[in-house]
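Please keep the sequence and the three-dimensional view at hand while reading.

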Amino acid sequence: MTATEDQFEYILQKSLGIGASISIETSLASLGEHPVSDRVIDMVGAYEDLRLGGTVPAEILDAVAQPGIEYRLLTDPPRFRRVVFVRSGGPDDGEWRPVTALDGSQNVFSFTPAAAGCMLGVQIRSGELTGPGTAYQSAPMVDDLSNPAAYDSHSDSPGVTSQLTLEPADCAGTSPCSRFSAQAGAADGWSYFGRALDPDIDLATVAAFGLWLKGDGNGGSFKLQFTDDAWENAFDSYVNNDFAGWRYIVFIRPPDKTFLATRIGLYYNGLPAGSVSCVVDDIKALAALDPGVTGPSIQVDGQGPEFPGGIMPGERLVYFPGCEVEIIPARRGESQWLPVPAQEITLTEDPTTVTFSAAAPLAAPIEVRLVEDCPEELFL
Ligand SMILES: [Ca+2]
């Protein structure tokens, strides 16, 4: 899992406290991909300025050197402000709690605040989609896979045979669905079934295609292809057949694939010697991508901040009380900012129960980390 900026800041504080310099050992490529590498480098610079400046009072150096105690370095005026990442109470008692369902257990946190007057923040990160959300459910069907005979173009590489057959039941979407089987005498074969689309699809209006695929784990990769009649343009998406059972798959359309698609193709590529048999169901054209979590919120006694919109797979929401809400992208890029929530939660020193909620069922496993933003400040 990608390191978060506060993990770097924790180390920087200990280094400042004991007067040691730090170095980051990584590759330029990793640094270029890391979502918050710019601010981590800026943070290292700010801490190095403090350390080399030699003006930080000894009592502050002692405070920030304490193991397990964390601060955030803030400006205007320059100061350290105490932050406490709440222990999740899970098996490893880490700070990030995995939540796969809003079941009244995984999404409920009980803890004793670090001090009276701490305010509650939260960080949320979304994993990959495990099921369709509302964008898929409301999307037009491209093919419900109820008529495999419609795939009237069929070819195989030498030494490969393949079939596309009806599966009347046990489908993931609407029954029936279609089974795509291939038998290869040697490795690296391919198979193809294709047909004309009806109606054609203007790919510029499509954010992604969603479908169900039941892998058998026997290897090769499944490919969904859209082309135009002249085969001058193609949008190819692949998923490795390295899993068994139904899986919801999303193929995101790249920005440069905006042609009018008139044909759909189902392929196997890289077939291993032997046989492969997967089942395909309910291919839909999504106008928007489904978030992993939609409209998350944290509440104490039914009151607390709500965050509009959704968090996409790989994204992380960061909220400190009184601040705008940041959605950090999965890879290096511009964050999105949401306004300061209307409601905030101020903790007392008594044990409290915090409920994490959302406006719709989770479409991805997420992780939730509660943060106490505490009044203690050390002015520089
Ligand atoms: Ca179907």
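Where is the place of D76? In this predicted model, D76 sits in the loop between β1 and β2.

The peptide bond leading from D76 to P77 is cis, with omega near -5°. The backbone of D76 has a further feature: its phi is near 55°, a positive value in a residue other than glycine. D76 has 5 other C-beta atoms within 10 Å and is therefore exposed, the cut-off for that class being 12 or fewer.

A cis peptide bond also runs from S175 to P176, where omega is near 0°. P176 belongs to the loop that links β8 (160-167) with β9 (177-184).

**A buried residue with positive phi**

L145 is not a glycine, yet its phi is positive, near 60°. The residue is found in the loop between β6 (141-143) and β7. Is L145 buried or exposed? L145 counts as buried, because it has 29 C-beta neighbours inside 10 Å, where 20 or more are required.

**The sheet of three strands**

What is the order of the strands in the open sheet of 3 strands? The order is β4-β23-β18, and the pairing is antiparallel. β4 (108-111) and β18 (297-299) stand at the edges and have a single partner strand each, so one side of each has no neighbour in the sheet. On average, and with direction ignored, neighbouring strands of this sheet are turned by 20° against each other.

The pairings can be followed residue by residue. β4 and β23 run antiparallel and are joined by 4 bridges; F109 has V354 in β23 as its bridge partner. Strand β23 (residues 352-357) is also joined to β18, again in the antiparallel sense, by 3 bridges. Here Q299 has T355 in β23 as its bridge partner.

**The sheet of five strands**

A further open sheet has 5 strands in the order β7-β10-β15-β12-β13, with antiparallel pairing. Its edge strands, β7 (153-156) and β13 (234-240), each pair on one side only. Neighbouring strands in this sheet are turned by 20° against each other on average, direction ignored. Within the sheet, β10 (residues 189-202) pairs with β15 (residues 260-271) in the antiparallel sense. Opposite G189 stands L271 in β15. As a general point, the side chains of a regular strand alternate between the two faces of the sheet.

| Strand pair | Bridges |
|---|---|
| β4 and β23 | 4 bridges |
| β18 and β23 | 3 bridges |
| β10 and β15 | 9 bridges |

**Domains**

How does the domain assignment divide the protein? The assignment gives domain 1 (1-68), domain 2 (86-129 + 290-371) and domain 3 (134-286). The centres of domain 1 and domain 3, taken over C-alpha atoms, are separated by 48 Å.

Methods. Residues are numbered from 1 along each chain as its sequence is written. This is a predicted model: local features need pLDDT of at least 70, side-chain atom pairs count only at pLDDT 80 or more; totals for chains, interfaces and linings use all residues. Two strands pair if DSSP finds at least two bridges between them. Helices (H or I, at least four residues) and strands (E, at least two) are DSSP runs, numbered from the N terminus. Axes are lines fitted to C-alpha atoms, for helices over the stretch in contact, and angles run from 0 to 180 degrees between N-to-C directions. Domain bounds come from an automatic or database domain assignment.
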